[in-house]
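Welcome! Here are some exercises to work through with the sequence and the 3D view side by side. Try each task before you read its solution.

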Amino acid sequence: KEAPYSIRNLDSYFVREWKYIVIHHSASDSGSAAEFDKFHREKRHWENGLGYHFVIGNGNGTGDGQIEVGNRWTHQINGAHAGVQEYNHFGIGICLVGNFNESHPTEAQMTSLYTLVEYLQERCHIPSENVLMHRHCKETDCPGKNFPYYKLLARTIRFQY
């Protein structure tokens with residue numbers, strides 16, 4: 001099943017050097033890139049707003065499985081998602097809307113995530129061992145105890161650079 005966003009639209013963007021893909025959950029029941037951008041600008045006072053490069057909706061705030069492309073990707077600038085300089089500078093942040101300590105990602109979210117991660121790995125030459133959960137970078141439970149990390153890894157294992 002194809003992701004609801006045409007991944008090939010990303011081909012038009014210049015890509016700088018990236019080393020990691022870091023997966024997050026929003027720890028909220030709903031949300032969108034615009035909502036998170038507003039929060040990050042107004043509450044966190046981040047000049048570049050949305051800390052992630054991509055947000056994948058769950059049907060509450062944006063479409064289920066909808067991939068939203070943040071300005072940090074379109075402008076190829078550091079993320080503000082990991083809380084660790086190395087992973088903010090060299091890591092592509094992907095946030096799935098939802099609280100995966102209480103629920104699970106939707107099937108559509110996972111389909112979009114698989115498609116996006118595979119695309120980013122191929123385009124940016126990121127090996128599978130550098131597809132990380134936020135908790136691999138910093139002491140946190142993000143992206144939640146119910147995030148199916150090993151299913152994601154099984155889909156990305158063929159990417160070795």
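In β4, glycine 93 is the bridge partner of valine 22.

Before you start, note that the model is predicted, with local features needing pLDDT of at least 70 and side-chain atom pairs pLDDT 80 or more, while totals for chains, interfaces and linings use all residues. Residues are numbered from 1 along each chain as its sequence is written, and side-chain values use heavy atoms, leaving out hydrogens and water.

**Exercise 1.** Find out which strands pair with β4 and how they run.

*Solution.* Start with the terms: strands are DSSP runs of E with at least two residues, helices runs of H or I with at least four, both numbered from the N terminus. Two strands pair if DSSP finds at least two bridges between them. Next, β1 (residues 20–25) runs parallel to β4, joined by 6 bridges. Finally, β2 (residues 54–56) is also parallel to β4, with 3 bridges; here valine 55 stands opposite cysteine 95.

**Exercise 2.** Work out why β4 is described as largely enclosed.

*Solution.* Buried means under 20% relative accessible area, exposed over 50%, and partly exposed in between (1.4 Å probe, protein chains only). In a regular strand, side chains alternate between the two faces of the sheet. Check one side of β4: Gly91, Gly93 and Cys95 are buried. Then check the other: Ile92, Ile94 and Leu96 are buried too. So 6 of the 6 residues of β4 (residues 91–96) are buried, and the rest of the structure largely encloses this strand.

**Exercise 3.** List the residues that leucine 113 touches, leaving out those up to four places away in sequence.

*Solution.* Using contact as heavy atoms within 4.5 Å, leucine 113 touches Ile23, Ile56, Ile94, Leu96, Phe147 and Leu152.
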